[in-house]
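Me: I'm new to this one, and I'd like to learn how to read its side-chain contacts. Could you walk me through them?

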Amino acid sequence: MRCGFCGRLMHGAVIRKTEVYYRCLARTIAPGSRVLADHPRTVNLRELDVLDSLNKWIGQPFAPENVDRTVQALVGSQADSSRAKNSCEGAKQRLADAQTQVRRLQDAIKAGADPAALVEAINDAQATRAAAQAELDNSPDPAAIGG
């Protein structure tokens, strides 16, 4: 809810211990602000005065004439789960590739390659491995979201 005078977000407050209001207080406006000259000391909007309109607005997507469109939108949003699954598969592949790269570089050192010459390549592979693992650790289970 935004104040019609200044456009700032109004905050909820209980007044007289019984009613909820949305409020905007002029004292919280920056001193010297142009809007302060026309702003009442307090703007109060009773929540009960907006609930019917708000409930109608929220109910629109589920009104009989909109149900088909709403269902299509919900089904279309499921494409996000396949994107998450593809992202997870990509992270798994990057992790496997990075682990293989680290192993090969370690094997090269064991075979006599100069470790100093491979430091940057090892660091890059380990960074890629850590990033892929972090992505996997922080991604939702695709099966849990419909995959």
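Reply: Let's begin with a charged pair: the side chains of arginine 46 and aspartate 49 meet in a salt bridge, 3.0 Å from N to O. Before we go on, this is a predicted model, where local features need pLDDT of at least 70 and side-chain atom pairs count only at pLDDT 80 or more, while totals for chains, interfaces and linings use all residues. Residues are numbered from 1 along each chain as its sequence is written, and side-chain values use heavy atoms, with hydrogens and water left out.

Me: What counts as a salt bridge?

Reply: The general idea is that side chains of opposite charge can pair when their charged atoms come close. The cut-off here is a side-chain nitrogen of Lys or Arg within 4 Å of a carboxyl oxygen of Asp or Glu.

Me: How many salt bridges does the structure hold?

Reply: It holds four. One of them joins arginine 46 to glutamate 19, with the closest N and O atoms 3.0 Å apart. That pair links distant parts of the chain: arginine 46 sits in strand S3 (residues 42-46) and glutamate 19 in strand S2 (residues 19-25), 27 residues apart. Strands are DSSP runs of E with at least two residues, helices are runs of H or I with at least four, and both are numbered from the N terminus. Put together, Glu19, Arg46 and Asp49 are linked in a network of salt bridges.

Me: Which residue pairs with arginine 94?

Reply: Glutamate 135 does, in a salt bridge of 2.5 Å from N to O. Arginine 94 lies in helix H3 (residues 79-110) and glutamate 135 in helix H4 (residues 115-138), so the pair ties together parts that are 41 residues apart in sequence.

Me: How do I read whether a residue is buried or exposed?

Reply: Go by relative accessible area: buried is under 20%, exposed is over 50%, and partly exposed is in between (1.4 Å probe, protein chains only). Arginine 94 comes out partly exposed at 37%, and glutamate 135 is partly exposed at 30%. Arginine 46 is partly exposed at 30%, as is aspartate 49 at 47%.
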